[in-house]
Structure formats: structure tokens, C-alpha cells
Amino acid sequence: MNTASVLRNARVVGSDHGDAVDIAISDGRIAAVSPAGAHTPDADAEVTELDGRWVAPGLWDSHIHMNQWALATHRLDVSSAMSAREAAGLVAEALRTSPPALDHAGQPLTFVANGFRDGVWPDAPNLDDLDAASANIPVVLVSFDLHAVWLNTPALERYGLAGHPTGLLREDPAFEIERRVNEVPDSVLDAWVSEAAAAAAARGVVGVVDLEMSWSMDAWLRRQAAGVDALRVEFGIYTQDIERAIGMGLRTGQRVGELLTVGRHKILTDGSLGTRTAYCFDPYPGVPADQHPHGLLTVPPEELLPLLRRSADAGILATVHAIGDHANSHVLDVFEQLGVRGGRVEHAQLLAEADIARFGRLGIEASVQPEHAMDDRDIAERHWHGRTERAFMLRSLLDVGATLLLGSDAPVAPLDPWVTMSAAVSRSRDGRLPWHPEQAITTREALASSVRSSVRSGEAADLVVTDENPLELEAVSLRTMEVAATMLDGRWTFLDL
């Protein structure tokens, strides 16, 4: 049950004057924001002295895969590998020091690692390197963007793929392998999700849009009933489950639990840059004509339109994955033909010049992941050479009136909105020069694209407290912003004052 509380001597991020205020909270909402000392709290109110610390609305990550993020935090990370041989060496060392447990039949469990980036490797993933590193233990490496997997021979045999020449699978076959290796007992996964939620709260996060590629409503209801209550969750619904959702009468925005809300119909129309499967007008250099040189269009417009119309008629809005410029053009065409405002594009990484203005004119939201620009800049320069001025166009999208929603796509990037905001504002990481700085946005704009409330009377008491004013920090310093406290629905989910 919520009780009355007061945050004393706070300063509100973005306020014109920066004077200290008292924030009164009741029943999970902000009751009043008054000059410091002007509010007399009730006798039983909990009073927290903030000593001039800064308060902003709690942060949201608008695109994560919570199960996969939780799993990745318990797996070997091979993202530092600069070649297939080096990645295999990391696997060999991990297996030497910590071999996997055995199943009930006495066979080793599959060893899973995350994060390989073969798009910039001088050599390709192959069976020889991975087999030499792993002996008879099944090994599956998941790519950093989740759109590819690399298996050794024992893993290929375990998953019915014996005889595959390289062990490298992309898109739907890769997703199926990921689904199978991600199957762990609910009790184990729920514990890891709880850890991940608590870690997110410690970074100021109050809510996430979970686009896990499975029916997740029941899992979140179970977790929240068991006390996993550090985050608000909006869950996505993939096409394989859309009729189930419609049959249950679910609608976007509907609350199905105290902290759980129905999200959107998620559809993937193309692949990713990292796997060279994002669907583009121009071909990828060096890709043979018989191997999809333009990438993959997985849901063409003639299939996308009836899918979106079906869910829209039932009150479920759409969010459509489109990374390549040709995929984005197709998606915008369908949204325009459908005539429903409030559509959303996930990623929008490469855009045709003629399509940028359509985001604003059609009222399309762009759910973007700025840290991907830092991860992908070298891959983009290699595979989108001559076009990178049209990649990750945050400034241009805002300038045409589009709504930006910032996220991480965790585990592709960390579930940490400060990292996300830093990338959006600085366009830089690791001391490198900014990449296409003309597409940077301001810290104020990045923060506005990372929250869903404000610090004013009547708003939800979802707040983040920091020692420093984020609007006054250098962009690169946002990446390591220290959080003093996080409040969700009027209660502390993280407190380190």
C-alpha cells in the first residue's frame, strides 16, 4: 500500500530557475511541487532529505528483450573478439576453466556465448575453429544483434542440423536455435530477470518495452505476483500470437496487472546490418547475386498490410522492425495506405532521403537505439559505404516532427538509458571522433525521448535522483552518470543517498 511521502530540498531537472523544492507524494502520484520549506507534511509521512540533488522523471527503455538480456548476463561475452579464431579461443579458455554441467543422461549441456561481430572480421565463422576449441561439447555462439548463430559440429548434431557446412545460421533458422538454447527452468530465468530488473532500477529505469519473441504476458504476471516489481512492463505481441491476443480482447495500453500493460503487434520485415540482411536499395559489396545481395525482405508489403489492418481493427497498434532503407520505405508505404496514425518503426537505421519527412507527416514514431550507431559505425562504413550520412538520423527525424523513443535493444546494447542518451548526444565512444555529429541531438531532447512522465502535480511518482544535473554534463559523461535513487509508483526501488 502506498503511503504519503515528501522529498525535501530537491531540484527539478529542466526547471527554469533550479530553486529547491519539496515534492509531496501520495498514493503513487505527485501531489504537489512546492518551494522548499513551504510544504508541511502529514505526521505519518515519510520524509527524505535530498540536499539539493536533482530529480527527473524515471527513465524508460523503449526496446529490450528481457529474457535474452537476463540470459546474456550469465553467459560468456565474446564481443571483444576481432576474428573468428579469437572468438573460438575465448570459448576454449572458458570451457577449460568452467566446463558445462551434465544433463540427466550424463551429456554436457550446450555452452552458449553472446556477442560475436563477424561483420568486421577478416575471417568467417567456420566449423574448424569452433570444433578445435570445444572438443565434444556442443557450443552455440549468438551474434551481438541476435540475427545469427554459430554452432560447432556437436551442436549441429544436437539440433538436427548435421552436415551444415559452416555452422553459421541467420534470421529464422538462427531464431529457432536461440529459442531452444534459451529454454531454462522458469525458476532460474525468473531469478535472473529479477536481478536484471533490480540492476536497471539502480540506473534510474522505471519501465521497459519488452519485445521478447515469445508470449510473455503470463511470465510477467507470474514474476510480478512473486515480487518482481522494480519495473513497469509493456509487452509486445508477435504475429504468431496475435490471434490469441485478439481472442482475449487485449488492446494496446490496457493494464492487465498493477505494473503490466499490453503493448504492440511486433513484426520483423527485414534482418540486420550485422548479418548483412537488412533490406536495402543498394547491394552489399561482395555478396553474390544468388545470396540476397540486397538483404532479406521477410514480410513484403502485400503481407504486411493485412497483418496491420487485422491488429489495428482489434485495437492493437503496430511496431514494425525495419533497418534497411528499402524496408523502411515499404513500411512507411503500408502505414500511409492503412491511414492509422500512431504507427511505430523499430530501428529506422538507414533511411532514404525522400522518406524522412514521411515520419513526421504520417505521425510515425521512431523507436531508435543510438548505441547501435557506436557499435555499428565500422560495419556501416564497410557495408553501407557512401550512405552512412543517412544512418541513425536522429536529428533529421526530430526536425521533421517525428517522435523519437530511445532504447537499447538489450542484449544488443546495455539496458542503461544513460549510455543510450550519451550515444545520442555525443555520437562518440571510446575516445573516437564523433560519427556524423550533424545527427546528434541535445541532452534535453534525449532525456525527453527517454521518459513518459514529468515532475509535476498529478503525474506518476516515477522519479530518478542524481547528484548532478544531466543537462549540464558533457555528453560523454552521461555514460557514467551516477544514480542516487529511483522511485516507482511512490516507492523506492533503489536508494543510495
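Predicted model: local features only at pLDDT ≥ 70, side-chain atom pairs only at ≥ 80, totals over all residues.
Figure 1. Trp150 counts as buried, since its relative accessibility is 0% and the cut-off for buried is under 20%. Trp121 and Trp150 form an edge-to-face aromatic pair, with 6.1 Å from centre to centre and 65 degrees between the planes. This pair links distant parts of the chain, 29 residues apart: Trp121 is in the loop between β8 and α3 (127-134), and Trp150 is in strand β10.

**Figure 2. The aromatic cluster of Phe116, Trp121 and Trp150.** The structure holds five aromatic pairs. In one of them, the ring centres of Phe116 and Trp150 are 6.1 Å apart and the planes stand at 70 degrees, so the pair is edge-to-face. Phe116 belongs to strand β8 and Trp150 to strand β10 (residues 148-151), so the pair ties together parts 34 residues apart in sequence. Phe116 is buried, at a relative accessible area of 0%.

**Figure 3. Arginine side chains over aromatic rings.** The charged end of Arg117 sits over the ring of Phe144, 4.1 Å from its centre. Arg452 lies over the face of Trp60, at 3.8 Å from the ring centre.

**Figure 4. The largest pocket, of about 820 Å³.** Its lining has 33 residues, with Arg179, Glu212, Met213, Ser214 and Gln240 closest to the centre. Helix α5 gives the largest share of this lining, five residues. By class, the lining divides into 13 charged, twelve nonpolar and eight polar residues.

**Figure 5. The second largest pocket, of about 650 Å³.** Among its 22 lining residues, Leu109, Thr110, Phe111, Val112 and Val184 lie nearest the centre. At least two lining residues come from each of β8 (111-116), α5 and α6. The lining has 13 nonpolar, four polar and five charged residues.

Key: Residues numbered from 1 in each chain as written. Heavy atoms only, no water. 1 Å grid on protein atoms, 1.4 Å probe; cavity = no way out; pocket = protein on both sides within 12 Å on 5 of 7 lines; lining within 4 Å. Points joined across faces, edges and corners; volume = space filled by probe spheres on them. Helix = DSSP H or I, 4+ residues; strand = E, 2+ residues; numbered from the N terminus. Nonpolar A, V, L, I, M, F, W, Y, C, P; charged D, E, K, R; others polar. Phe/Tyr/Trp six-rings, centres within 6.5 Å; stacked < 30°, edge-to-face > 60°. Buried < 20%, exposed > 50% of the residue type's maximum accessible area, 1.4 Å probe, protein only. Lys NZ or Arg CZ within 6 Å of the ring centre and 35° of its normal.
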